[in-house]
Amino acid sequence: MKIAPSILSADQMNMGRDVKAVSEAGADLIHVDIMDGHFVSNITFGMGIIKALKAVTETPLDVHLMIDHPEPYLPIAVENGADMVLIHAEATPHIHGAIQTIHNLGAKAGVVINPGTPVDSIIPVLSIVDQVLIMTVNPGFGGQKFIKEMTKKITHLDQLRQTNSDYSFEIEVDGGVDDKTVGLCKDAGADIFVAGSYVFGGNLEERIKSLRVE
Ligand code: DX5
Ligand code: ZN
């Protein structure tokens, strides 16, 4: 399993310090939540944060774009150092083309679905994505309650993956992941676990270790 701490819960005045610390504490990926105040009702940091983070850590950057019509931002994200770019199926009518664009730019590509979006709606892109991110909260803010119902989507996706040899995506979960909910996601078939408020809410090394459940 891979643990991806979300820097949304880091100290924004000390982002460099916190990112280095969480990398040293055992993070497998750094999850970067970029919001536009339109697709979600919150604004975080711009594309420049990717470049700034890249300069201080070698841990791969897992960039989650909560941006309507993300296409113009894809080249900037990859140029700035995003290792994987995750875009929402709800954010563009051209999700297939946008995934292809990310690949052509040289990064890994992921599709994200909100709690209200069914897995079946992304079947047309499952053979071309590297990651599928299942939102286990409605996106926009850290510290929200895990929506247990979403584990059914993880199970469904995992079943699809097991019965289709052309699917090689990893399943990622994001929102309300802590030492209590991580096991539900793991048992359902998830591989990558984003956690913000839980990881940054205590000793980084201990919190990351506690997410690595059997
Ligand atoms: C929510 C973001 C998440 C958020 C998770 O919109 O996509 O990545 O940082 O925060 P926690 O782990 O606190 O739910
Ligand atoms: Zn996220």
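Trainee: Are Tyr167 and Phe169 buried or exposed, and what does the label rest on?

Mentor: Tyr167 is buried, and Phe169 is too. Buried stands for under 20% relative accessible area, exposed for over 50%, and partly exposed for what lies in between (1.4 Å probe, protein chains only). This is a predicted model, in which local features need pLDDT of at least 70 and side-chain atom pairs pLDDT 80 or more, while totals for chains, interfaces and linings use all residues; side-chain values use heavy atoms, without hydrogens and water. Residues are numbered from 1 along each chain as its sequence is written, and chains are lettered from A and ligands numbered from 1 in the order in which they are written.

Trainee: What makes Tyr167 and Phe169 an aromatic pair, and why is it called tilted?

Mentor: Rings of Phe, Tyr and Trp (its six-membered ring) pair if their centres lie within 6.5 Å; planes under 30 degrees apart are stacked, over 60 edge-to-face, and the rest tilted. The count by this rule is 1 aromatic pair. For Tyr167 and Phe169 the centres are 5.7 Å apart and the planes 40 degrees, so the pair is tilted.

Trainee: How do you know that the charge of Arg207 sits over the ring of Tyr198?

Mentor: The rule asks for NZ of Lys or CZ of Arg within 6 Å of the ring centre and within 35 degrees of the ring normal. The charged end of Arg207 is 4.6 Å from the centre of the Tyr198 ring and is counted as sitting over it.

Trainee: Why are S1 and S2 called edge strands?

Mentor: The open sheet has 8 strands with parallel pairing, in the order S1-S8-S7-S6-S5-S4-S3-S2. S1 (2-5) and S2 (30-35) each have a single partner strand, so one side of each has no neighbour in the sheet.

Trainee: Why is His69 called partly exposed?

Mentor: Its relative accessibility is 48%, so His69 falls in the middle class. His69 lies in the loop between strand S3 (61-66) and helix H3 (74-80), with a positive phi of about 45 degrees although it is not a glycine.

Technical notes:
Two strands pair if DSSP finds at least two bridges between them. Helices (H or I, at least four residues) and strands (E, at least two) are DSSP runs, numbered from the N terminus.
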